[in-house]
Amino acid sequence: MHKAEATTYLSTLMTTQGPKVVVGRGRDPERFASMIVGGNSVIFFGAPGFGKSHLAEAVDARLRSRGLTIIKLRGSRGNQSTPLAALRRALELAPSPADGESAITAASVLDYLTRKSGEDQPIVAVDDAHLLDTQTAEILCHLAADHSISLVLTSLPVPARTSPDFSTETIRLLTSLWIQGKAERVDLEALTPAEADELIDSYAPGEVFDSVTRIALYERSAGSPLLLRELTAEVLRSRFLLEDRDTISPGVAAPSGRLLDLLRMQLSLLSSEQLHGLALLGRVNSLAHTHSLSIFSAADLRDLLHRGFVFRSLDGEDRIRAHTVYAEAALTMSDPCALDLLSAQLAQTLLAGQHGGRVLSEIECVIIAEHWVGLESLQTEIDQWGPAVVGQVMVAAAYHCNCNGISDSGLTIGRRAYELEPTTATVVEYARALANMKQYNQALALLPEAEHHLADPKAAVSLLHRWSALALREPVGSDALRVLADRAETWFPDSAMVQGEIAYVRMTDMLRGMDRLGAARLGERIARTESFPSELRARAAYTSALEFAFQGDTARAQDLLTVAEIASVRHAATQFDGVDEDLTTMAVITETRVNMLTGYDLESVSVRLNDRIRHVVQSQKYKHLGYLAVVAAQLSEFRGDTAAATADLQAAEARFLRCDEMAWLPMVQCLLARSLSSAGRTQEAVVKLRDATASAANLGPNEWTRFITECAAIEILNSTDDTSAPRAVSTAVAKELESGGPVIHAWLLYDVFLHGETALDVVDTIETAAANTDLPLLAAAAKHVRAAAEHNAGALDLVAASFAALGAYGYAATAGNHAANLHRDAGDRASAALSKSRAAGYTASAHGTASVDSSNEASAPGRLTGRESEVALLAARGMSNRDIARALFLSVRTVESHLYQARVKLGAASRRDLGVLLGAQAVG
């Protein structure tokens, strides 16, 4: 979209789209309008930006549509001290020279309102009623209590403490009105994620946001419709990644001018102490309640909680979090000197807690380290806290900055830590910072120095992590990992921790060399070696599970996921907060990808993926977002939603261009090239493939990068009209047979078939691969090719249902449309129409808009076996596979098998659909 087009679009968006849509629990304008017509009054209470005025406008519109006249007033902070100021301004009333103020009474106001509105019971709407002058509030509340008028009021929640910004008497009058039952009180709650999605779609119809941006829009708005509207507009204007403003520097950047003006108006109610504390709390993300009292007074904190600028964490800990966008705005309004003093005060409090045994978070360390790097010498800090504490804080701060793409700060803090005391940890973080600045040679040159400082196995493992990550980059050759593993054998030969990590490095080397089966087997050995650390065993199990799934051995893959889960639980027990963020993200990524291949429990992993993205956004662990975006894209592509997949991959590429520790950029660009090609954007795909080739070349020669770039090239060839493409594709696919393995080879052939290759030319190879694996998805693909080869329309209908049961709606729609064409060619118009209708339903499912068609002839419950019906009913009622297994004394694998068969036979796209198709209640 060009800038001029975007400006016009946004203007239309803000003036026509927003006001027409009211979304949220209890926000029913029609009900409130009927209440007012019945002679009642209503007060909408809500925090800033929660849509009070928006809802009142919707009620106003419905009342006017009934031919009613509404008289509008507005509270104003500037006129609170002027008696009857709001009434005078709205009604153009003036006291008589003789009688003065006494001329304006409740009776005279009622007479004026009645004459002006033409109604026996006038309707008065007051925005910001909490800012009314006391005399106006008293008259209006008196008339409403007598049912002489009906009021539609909006107000902030009753303040938690006395404030010069509110009239205590006005608040008392408003409160008495609903307490006495003279008006209905409506407390507007924050939007739910589903409601926010609905509102985003209404604000930006037809726009496709990547998964992270959509979730971040909700999190940053904290459920406020007004902020959600403005943030959506900001994304449409600038196309920024919402978390980028937080990772450019350890601080946060200012919102756009439009949003900043809105926020400043609301923040003007705060004292300077509250404003500075809010800004600092936003920087540190969250604080324990006791520590928050070092930057807020108890009264100030209570007031901020009440107004919604800060809130308590819902994760079970007593922690205080800032409303992100308000904190960003507060930062722009804060005095830098006062903020620095408050930061130093907080640093002392945090360090005192750490000295008492509490573990500091990474971002808390950043706050402390930022203060320290501005000092000429840290000798005073070393004397006070000890060299170990100072070193740990600096390393943790550098690690946080380096992992989140905050390159300048990471380099500054990392260099200062290294200069303070060269240790393995400080050398590693300084090297990481140099690598983030693309100074790979300097980073590599530092690592041998870290080797000289190795003090224990834990330090050796940290060094192996960093060294192996750099070994994936230029200018190291393809044998660098093998050389590193050999070198590390001498470090701590008796340490199981180090030896296990060395084995993991060798497994990574196998993956780079495309020895995927060998890597899977080595990973399994690591995962099952009890003497190795739980964290390492979990990582190896997740990696191995994915590789076995790619080999078609799904039973082994699922078993290794169980091994990984057990190891992760054991590892979590050793963590001070019970969470290893890196391992948790790896778990979500692996389980999602394995379940896409196996077709099991895809709904649950999809929910878990979104929950993980939401947690990462909330906790500002932004280094995980690129990886999660890739998996979200693969899930969208699996479902057949190419537009969503493209959006996710574009967002992932932007993140990896900024920070790519694990060298994912070439793969992401290849996936993006394939996605663009599938969407028919061939020229863009070719350009992106060139980018991928250049990125891969920067990593040095290896089989893995060659493989993924050639796979992308195959996809692009398939989408062209060049008649030589099939021959070129066949040649390329044949070359991938040895490196990719039979399953990947079969999938490449299936892709060729979908792009026009004759079914008879590929069916035997695909069926052989399917027969030698237990991949349901590959089995469905084989049936698809066989049905196409035999021109069997009925078989294609069943294939479409099989794909839909696995959640692969894109493949389902393709098979369904193919069946419709064959039915039509055979003269069976009724069957063709039914197949076409099902295919349209599958396409809708790919975009999350499907509904179950109970007329589907495949949905007869009698086709299920007794056990399949039993399992399907329990699943439809919301039971997990594990719970069903326990209830029926079956293995989880058996439950998954029965559930898969039931969904295939019924053509059910989800567990909820099973309930509809079986006539069961989805909620037990």
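Helix α8 (residues 193-203) has Glu195, Ala196, Leu199, Ile200, Ser202 and Tyr203 as its buried residues, where buried means under 20% relative accessible area, exposed over 50%, and partly exposed in between (1.4 Å probe, protein chains only). These residues lie on the same side of α8, because the arc they cover around the axis is only 160°; the arc is taken from the directions from the helix axis to the C-beta atoms. Helices are DSSP runs (H or I, at least four residues), numbered from the N terminus.

The model is predicted, so local features need pLDDT of at least 70 and side-chain atom pairs count only at pLDDT 80 or more, while totals for chains, interfaces and linings use all residues. Residues are numbered from 1 along each chain as its sequence is written, and side-chain values use heavy atoms, with hydrogens and water left out.

**Ser568 in helix α29**

- Ser568 is part of helix α29 (residues 554-572), and it counts as buried because its relative accessibility is 16%.
- Apart from neighbours within four places in sequence, the contacts of Ser568 (heavy atoms within 4.5 Å) are Ala538, Tyr542 and Leu583.

**Salt bridges: total and a link between helices**

- There are 44 salt bridges in the structure, each defined as a side-chain nitrogen of Lys or Arg within 4 Å of a carboxyl oxygen of Asp or Glu.
- One of the salt bridges joins the side chains of Glu581 and Arg612, at 2.5 Å from N to O.
- This pair ties together parts that are 31 residues apart in sequence, because Glu581 lies in helix α30 (residues 581-598) and Arg612 in helix α31 (residues 602-619).
- Both Glu581 and Arg612 are buried.

- The side chains of Lys688 and Asp691 form a salt bridge, with an N to O distance of 3.2 Å.
- About one helical turn separates the two, because Asp691 and Lys688 are 3 residues apart in helix α35 (residues 682-698).
- An α-helix has 3.6 residues a turn, so residues three or four places apart point the same way.
- Lys688 counts as buried because its relative accessible area is 14%, whereas Asp691 is partly exposed because its relative accessibility is 31%.

**An exposed pair and a network**

- Arg824 and Asp825 form a salt bridge in which the closest N and O atoms are 3.6 Å apart.
- Arg824 and Asp825 are both exposed.
- Elsewhere, Glu524, Arg528, Asp553, Arg556 and Asp559 belong to one network, joined by salt bridges that share partners.
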